[in-house]
Amino acid sequence: MKNNKKKFHYAWIILISVALTVGLTKAGIATAGGLFLTPITEDLGIGMGSLTLYFSIASIVTMVFLPLAGKIIAKYDVRAVLIIAMLLQGGSFAAFGLMNSVWGWYIFCIPMSIGSVFLTQIAGPILLNNWFKKHNGLALGIMVATGGIIGAILQPTAGNLIADQGWRNTYFILAGLVTVIVIPLVFFTIRFAPKDKGLQPLGADEVDENADTPAAPTAVSGVSFKNAKKSSAFVGLFLFFFLITSIASFSQHLAPFALNHGFDIKFAGTALGIMQLGIVIGALSFGVLADKIGARNTAIFAMALGIIPMVILLFAPENPTLFIVAVTIFGFVVSSLGTLGPLLTSALFGMKDYAQIYSLAAIGLAVAGIVALPGYGFMFQITGSYYSVLIVVLVLLIANIFLILWAFMGKKKLVESGAWEEETTTKQ
């Protein structure tokens, strides 16, 4: 009698490790900086504008380093790369606690951003796409959702630490906590590709286990980096990254938007907390949906869904119930930033040179971070209202639908021209 019981696949260990690594480094370090701004400016007498300039420097470093990061992580041992990245990010974050001049933040944000590129932006999508042929969307959704949960725990914890232990000690504590968890996790569990453990990706070897013939070799198909970067499909993907990040950036303005329409800070905080719940649920939902109906259709649905909260906020911004509904749905759209970008990249270009293609397209994320956040702020400063900002976000959502369709038309041209290639590898 044949044993048809399916074995546990190591891809799930990779998912757990990647989700924890990305979640801890993002929530514990990369996005925690805003909590320190007021205590630092009050303690050291540094102007808020002068201090927050280090965020712009970090975005520029990210933009410059992203294309290099994709090549590095594909060429060298992924564990060594991620451990060095953790030391750069964690060490620089801890160094902030020793600074007395704003120049310290300007200098140390550079190595911190280099490490962050690998840990928070590149490693997750690349590793999960390598390991999951099946359930890829679900895996990415779990990764993003885990980050949301970790953020919901670490952010208030960090705030309490700053109040109780001071901002300097909190820098040390967060950096130390994240580093001592992530480094062993990476060293003992992370592997770049299934072949490193003599495996195929999850779902690649789903064949009849009763058959006497061996499984067919695995085909690594896709478009080369050289052909991809010159295509209209790549331009469409790059612009999608830019616009979806610009759309998601509006979440940073939701609190002042609420205050501008008569709500108090307590209500604004509650609304943003509910939005985090929307991000977690949205990440899982979009991941599962992408596995069912494909990345293209899921991305179009997500952009269309995003129109609803913009319409609500345009026409009924002072209704508390509708405001909560709007920010919850918007949380779904924000979650698509971490799930749909990687899924669209693999759907458009395959896995042949995925790391290089994704890292180059992701420059759109960094550019949007530099442009959108201050852009929305200046629009409000000039007009005294977020009305024009909502119109811009609404237009960006509609534009992204057309960009998705255009990108897949570009993919069709690549396939017809013979640019889609296959490389066959034998199962280990």
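Predicted model: local features only at pLDDT ≥ 70, side-chain atom pairs only at ≥ 80, totals over all residues.
**View 1. The salt bridge between Arg 79 and Asp 77**

Arg 79 and Asp 77 form a salt bridge, and their closest N and O atoms are 3.9 Å apart. This pair counts because the cut-off for a salt bridge is a side-chain nitrogen of Lys or Arg within 4 Å of a carboxyl oxygen of Asp or Glu. By this rule the model has a count of 1 salt bridge. Side chains of opposite charge can pair when their charged atoms come close. Arg 79 is partly exposed, at 22% relative accessibility. Asp 77 is also partly exposed, and its relative accessible area is 42%.

**View 2. A patch of positive charge on the surface**

Four residues make up this patch: Lys 71, Lys 226, Lys 229 and Lys 230. One of them, Lys 230, lies in the loop that runs between α8 (225–228) and α9 (232–249). Lys 230 has a relative accessible area of 60%, so this residue is classed as exposed, the cut-off being over 50%.

**View 3. Val 81 and its contacts**

Val 81 belongs to helix α4, which spans residues 78–96. With a relative accessible area of 10%, Val 81 is classed as buried, because the cut-off is under 20%. Apart from neighbours within four places in sequence, Val 81 is in contact with Ile 72, Tyr 76 and Phe 118. Leu 44 is 37 residues from Val 81 along the chain, and the C-alpha atoms of these two residues are separated by 35 Å.

Technical notes. Residues numbered from 1 in each chain as written. Heavy atoms only, no water. Buried < 20%, exposed > 50% of the residue type's maximum accessible area, 1.4 Å probe, protein only. Patch = residues over 30% accessible without salt bridge, like charges linked within 9 Å, V, L, I, M, F, W, Y side chains within 5 Å. Areas by Shrake-Rupley, 256 points an atom, 1.4 Å probe, with all protein chains shown as cover. Lys, Arg positive; Asp, Glu negative; His and termini not counted. Charge placed at Lys NZ, Arg CZ, Asp CG, Glu CD. Helix = DSSP H or I, 4+ residues; strand = E, 2+ residues; numbered from the N terminus. Contact = heavy atoms within 4.5 Å.
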